[in-house]
Amino acid sequence: MIRLAPMTEEQYEHFMQVSARDQMEGHVREGRWKAEEAEANMARLTAQFLPEGLATPDHFFFALTEENTGALAGGLWYMLAQEEDTRQFFVLDIQVYEAFRRRGYGTQAFIAMEDHAREMGVSAIALHVFADNHQARAMYRKLGYAGTDTAMAKQIA
């Protein structure tokens with residue numbers, strides 16, 4: 001079992017380094033960004049989405065820790081988005097570190113997030129997942145998430 005606790009500044013710094021690396025690699029792999037532009041694009045997005053870092057309003061950062069050992073198993077980042085009368089969470093990143101995978105920790109984190117959503121009157125949870133991330137997509141399907149659109153691209157040069 002895991003528990004979610006607000007991230008410390010140190011946990012946040014590590015989490016964001018991994019998140020940025022994964023996002024850059026994913027965007028390059030899927031042809032959205034050129035490799036030489038990835039760092040600048042990521043820095044621009046981070047400044048836009050997190051102007052106050054860990055303290056940015058309506059962004060939630062949780063450390064996933066094992067209940068029995070207290071070991072840091074990963075992290076979860078989502079934000080509150082409100083459009084007209086609809087409040088939703090948007091998952092920006094979930095990480096379960098390699099040594100802790102295949103134990104249901106990602107599923108447990110999402111269930112805890114759903115409880116938080118209900119407490120806050122949030123009616124939906126949305127996310128983006130890279131097409132080649134088959135393990136994550138399988139977990140999301142198991143949790144009841146369904147596709148809402150499909151982006152496609154073809155590299156010609």
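## Salt bridges in the predicted model

R32 and E30 join their side chains in a salt bridge, N to O at 3.2 Å. The term means a side-chain nitrogen of Lys or Arg within 4 Å of a carboxyl oxygen of Asp or Glu. This is a predicted model, where local features need pLDDT of at least 70, side-chain atom pairs count only at pLDDT 80 or more, and totals for chains, interfaces and linings use all residues. Residues are numbered from 1 along each chain as its sequence is written, and side-chain values use heavy atoms, with hydrogens and water left out.

The search of the whole structure finds six salt bridges. Three of them are tabulated here.

| Pair | N to O distance |
|---|---|
| R32 and E30 | 3.2 Å |
| E98 and R101 | 2.7 Å |
| R118 and E114 | 3.9 Å |

How exposed are the partners? Relative accessible area sorts them: buried is under 20%, exposed is over 50%, and partly exposed lies in between (1.4 Å probe, protein chains only). R32 is partly exposed at 41%. E30 is also partly exposed, at 23%. R118 counts as exposed at 56%.

The R118 pair sits in a helix. R118 and E114 are separated by about one helical turn, because they lie four residues apart in helix α3 (residues 105–119). Helices are DSSP runs of H or I with at least four residues, numbered from the N terminus. R118 and E114 also belong to a network of salt bridges that includes D115.

Terms used:
Helices (H or I, at least four residues) and strands (E, at least two) are DSSP runs, numbered from the N terminus.
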